[in-house]
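Here is a walk through one protein chain, from its overall make-up down to single residues. Keep the structure open and follow along.

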Amino acid sequence: ANGVPQGVPSVQWPVAGWQTDTYLDPFIAVDSQGRVAAAIPSKNQVALYGATGQLLLVWGGQGNDDASTGQPSGMAFAPDGSVYVSEKANRRIQRWVLPKVR
């Protein structure tokens with residue numbers, strides 16, 4: 001079929017807090033193990049999911065202290081497994097070292 005992928009998604013899951021028709025765009029990043037970090041700007045949080053959608057960890061919250069993630073708006077995993085999160089509301093980037101979860 002001309003190299004175009006066919007079929008249906010192999011896995012899918014909902015993300016609590018994602019909202020339609022807002023300027024609070026969701027962002028995701030995937031690490032080498034297939035874990036997915038999802039920004040939830042409306043809740044000022046980031047959620048970490050396993051490769052098949054199981055919720056592993058949620059962190060952040062409203063505020064501007066070191067434990068907060070003010071409107072997370074982008075993220076990327078580093079080779080060491082840590083995740084960098086950019087925050088619109090706090091105008092900063094934070095590096096988070098995640099606990100060993102599977």
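Start with the secondary structure. The chain has zero helices and seven strands. Read along the sequence, the pattern is β-β-β-β-β-β-β. Bear in mind throughout that this is a predicted model.

Next, the overall dimensions. Along the principal axes, the C-alpha atoms fill a box of roughly 50 × 35 × 25 Å. The chain has 102 residues, and 36% of them count as buried. Now take the contacts in the chain with a separation of 6 or more. Residues 24 or more positions apart account for 37% of these.

Turn to the pairing of strands. Strands of a sheet pair through backbone hydrogen bonds, and the pairing can be parallel or antiparallel. Which sense is found in the sheet with the order β5-β6-β7? The pairing there is antiparallel, and the three strands form an open sheet. Its edge strands are β5, residues 72-77, and β7, residues 92-96. Each of these two pairs on one side only. From one strand to the next, the twist averages 20 degrees.

Look at one pair in that sheet. Strand β6 covers residues 83-87 and pairs with β7 over five bridges, in the antiparallel sense.

Now move to β3 and β4. Strand β3 spans residues 45-49 and strand β4 spans residues 55-60. The two run antiparallel and are joined by five bridges. Here Gln 45 stands opposite Gly 60 in β4. The hairpin of β3 and β4 has five residues between the strands. In this hairpin, Gly 53 takes a positive phi near 100 degrees.

Two single residues come next. Arg 35 sits in the loop between β1 and β2, the latter being residues 36-40. Is Arg 35 buried or exposed? Arg 35 counts as buried because its relative accessible area is 7%, and the cut-off for buried is under 20%.

Trp 18 lies in the segment before β1, which covers residues 28-30. Its relative accessibility is 37%, so Trp 18 counts as partly exposed. That class runs between the buried limit of 20% and the exposed limit of 50%. Which residues does Trp 18 touch, leaving aside neighbours within four places in sequence? The contacts are Pro 26, Phe 27, Ile 28, Ala 38, Ala 39 and Ile 40. Take Ala 39 from this list. Trp 18 and Ala 39 are 21 residues apart along the chain, and their C-alpha atoms are separated by 8.8 Å.

Finish with the empty space inside. Rolling a probe the size of a water molecule over the atoms shows where such space is left. How many cavities of 30 Å³ or more are there? The count comes to one. The largest cavity has a volume of about 30 Å³. Its lining is made up of Tyr 23, Leu 24, Asp 25, Phe 27, Pro 41, Gln 71, Pro 72, Ser 73 and Lys 88. By class, the lining residues divide into five nonpolar, two polar and two charged. Two names link back to earlier stops. Phe 27 lines the cavity and is also in contact with Trp 18. Pro 72 is a lining residue too, and edge strand β5 covers 72-77.

Definitions and conventions:
Residues are numbered from 1 along each chain as its sequence is written. This is a predicted model: local features need pLDDT of at least 70, side-chain atom pairs count only at pLDDT 80 or more; totals for chains, interfaces and linings use all residues. Side-chain values use heavy atoms; hydrogens and water are left out. On a 1 Å grid over the protein atoms alone, a cavity is a set of points where a 1.4 Å probe fits but cannot get out, and a pocket is an open set with protein on both sides within 12 Å along at least five of seven lines; lining residues have an atom within 4 Å of a point. Grid points are joined across faces, edges and corners, and a volume is the space filled by probe spheres set on the points. Ala, Val, Leu, Ile, Met, Phe, Trp, Tyr, Cys and Pro count as nonpolar, Asp, Glu, Lys and Arg as charged, and the others, Gly among them, as polar. Two strands pair if DSSP finds at least two bridges between them. Helices (H or I, at least four residues) and strands (E, at least two) are DSSP runs, numbered from the N terminus. Axes are lines fitted to C-alpha atoms, for helices over the stretch in contact, and angles run from 0 to 180 degrees between N-to-C directions. Buried means under 20% relative accessible area, exposed over 50%, partly exposed in between (1.4 Å probe, protein chains only). Contact means heavy atoms within 4.5 Å.
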